Amino acid sequence: MVEDTLIISDVVRLIPTSIADTVGKFLASRLNSGNIVYDALDPLVAQRFEERDRAKLGIKVPEHKDCIQWIMANAPQEQAWTVQRAVHELIALWYGSVHITSVTACFAILDVLNNAEYAQPLRDEIENTGWKAFDRSSGKLFPLMDSFMKESSRLNPVECMSIRRKALKPFSFADGTTVQPGQWVCAPLASMSLDPNNHARPDEFHGFRFVHASDLEQSLSKTRPHGFQVPEGQRPSEFTDLEGIPLWGSGKLSCAGRYYASAVIKTTVALFLTKWDMQLAAPNARQHFTWRSWIYPYAGTKVILRPKSQKGEGF
């Protein structure tokens, strides 16, 4: 659904506003993943509405603690939402949360497959830290994984531009650049990520480049010999940091859900690493495509998974 939405949205941006609505609806009817998601959610949300009505009559109903129930509980009271409105709100919320999270996790897994030497140190970190400690930290542990995810995102940004802003009135920047109403301004995320002024040896993949050098040596003390290094001059940072490259936006409008997204991505990648031996079916095949300012993995990329023998602490 996300890919379809991105394709349609950029097509609509390129055509005159007089026909944008008609063309958008036509494309949406052809790329109908949104309808599939809606049809799957509609009966579930309708059931929740029925349960809510029965509960008002004193009838005992199941208790739910999930996204659907949260949306229903926080809906405006003065004008009750319909089932259809609640479904659309749920889809919109999922779109915002799944958009970057799922694709970033996918790219991180592909980077593990393309740089197999990182797999065992990442597995060791997960095993040595343990899931209970990770959970108690609210997803902030696994520094090697955190750095690996940030490096993967640096070289595979889902969106090549960040902080998109449309001018509503004439505006002048400090350097004299002016923007007229209707014009767009953005930060060139992909270019900034490859700028040597921002990153040391920016064209090279260094999965642990954002870890403090002392922490890296401590984490890899049992991994000998190893050739991992932090490029000289590279500043350490965390995946969720706002300083430097605006991966999460900027200022007051930065992504408030980045900590949750980071924890979800770490969990997803870690589960694949600990539960499966993985390899690409076609290592030399193209793994992603570019559409306008978006970079997305091919849905047809095949990965061979073999269950690992389970040891240690479970999730």
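# Reading helices, contacts and loops

Q: Which residues of α6 meet α11?
A: A119, L122, R123 and I126 in α6 meet A270, L273 and T274 in α11. Contact means heavy atoms within 4.5 Å. Helices (H or I, at least four residues) and strands (E, at least two) are DSSP runs, numbered from the N terminus. This is a predicted model, in which local features need pLDDT of at least 70 and side-chain atom pairs count only at pLDDT 80 or more, while totals for chains, interfaces and linings use all residues. Residues are numbered from 1 along each chain as its sequence is written, and side-chain values use heavy atoms, with hydrogens and water left out.

Q: At what angle do α6 and α11 pack?
A: Start with the axes. They are lines fitted to C-alpha atoms, for helices over the stretch in contact, and angles run from 0 to 180 degrees between N-to-C directions. Here the angle is about 105°, and the axes are 10 Å apart. That makes α6 roughly perpendicular to α11. The labels have cut-offs: under 35 degrees is roughly parallel, over 145 roughly antiparallel, 65 to 115 roughly perpendicular, and the rest oblique.

Q: How are α6 and α8 placed relative to each other?
A: Helix α6 covers residues 119-129 and helix α8 covers residues 143-155; they pack at about 140° with axes 8 Å apart. The two helices are therefore oblique to each other. On the α6 side, P121, L122, E125 and I126 make the contact, and on the α8 side P143, L144, M145 and F148 do.

Q: Which residues of α6 are buried?
A: Buried means under 20% relative accessible area, exposed over 50%, and partly exposed in between (1.4 Å probe, protein chains only). In α6 the buried residues are A119, P121, L122, R123, E125 and I126. An α-helix has 3.6 residues a turn, so residues three or four places apart point the same way. After α6 comes G130, with a positive phi near 90°.

Q: How many residues of α8 are buried?
A: Helix α8 is mostly covered, with 11 of its 13 residues buried. Among them are L144, M145, F148, E151 and R154. Now check the length. The expected span of a helix is 1.5 Å times one less than its number of residues. From first C-alpha to last, α8 reaches 19 Å, close to the expected 18 Å.

Q: Where does α3 bend?
A: A bend at a residue is the angle between axes fitted to the seven residues ending there and the seven starting there. Helix α3 bends by about 30° at L41, and the proline P43 follows within four residues. The helix has 24 residues, 33-56, and spans 35 Å, close to the 34 Å expected. L41 is also one of its buried residues, along with S33, Y38, V45, R48, F49 and E51. G58 follows α3 and has a positive phi near 90°.

Q: Is R209 buried or exposed?
A: Its relative accessibility is 0%, so R209 counts as buried. R209 lies in the loop between α9 (189-193) and α10 (213-219). Beyond four places in sequence, R209 touches residues including S147, E151, R154, H199 and Q234. A polar contact is a pair of N or O atoms within 3.5 Å; within protein, one must be able to donate a hydrogen and the other to accept it, and residues adjacent in sequence count only if both atoms are side-chain atoms. The side chains of R209 and E151 form one at 2.9 Å. E151 is itself a buried residue of α8.

Q: Which residues does N156 contact beyond four places in sequence?
A: N156 is in contact with F107 and D111. N156 sits in the loop between α8 and β1 (162-166). At 14% relative accessible area, N156 is buried.

Q: What does the side chain of T274 reach?
A: It reaches the backbone oxygen of A270, at 2.9 Å. T274 belongs to helix α11, residues 258-275. With 22% relative accessibility, T274 counts as partly exposed. The C-alpha atoms of T274 and P170 lie 54 Å apart, for residues 104 places apart along the chain.

Q: What is the phi of I163?
A: Most residues other than glycine have a negative phi, and most peptide bonds are trans. I163 is not a glycine, yet has a positive phi of about 55°. I163 is in strand β1 and is partly exposed at 23%. R292 also has a positive phi, near 55°, and is not a glycine. R292 lies in the loop between β6 (288-291) and β7 (294-297). At 45% relative accessible area, R292 is partly exposed.
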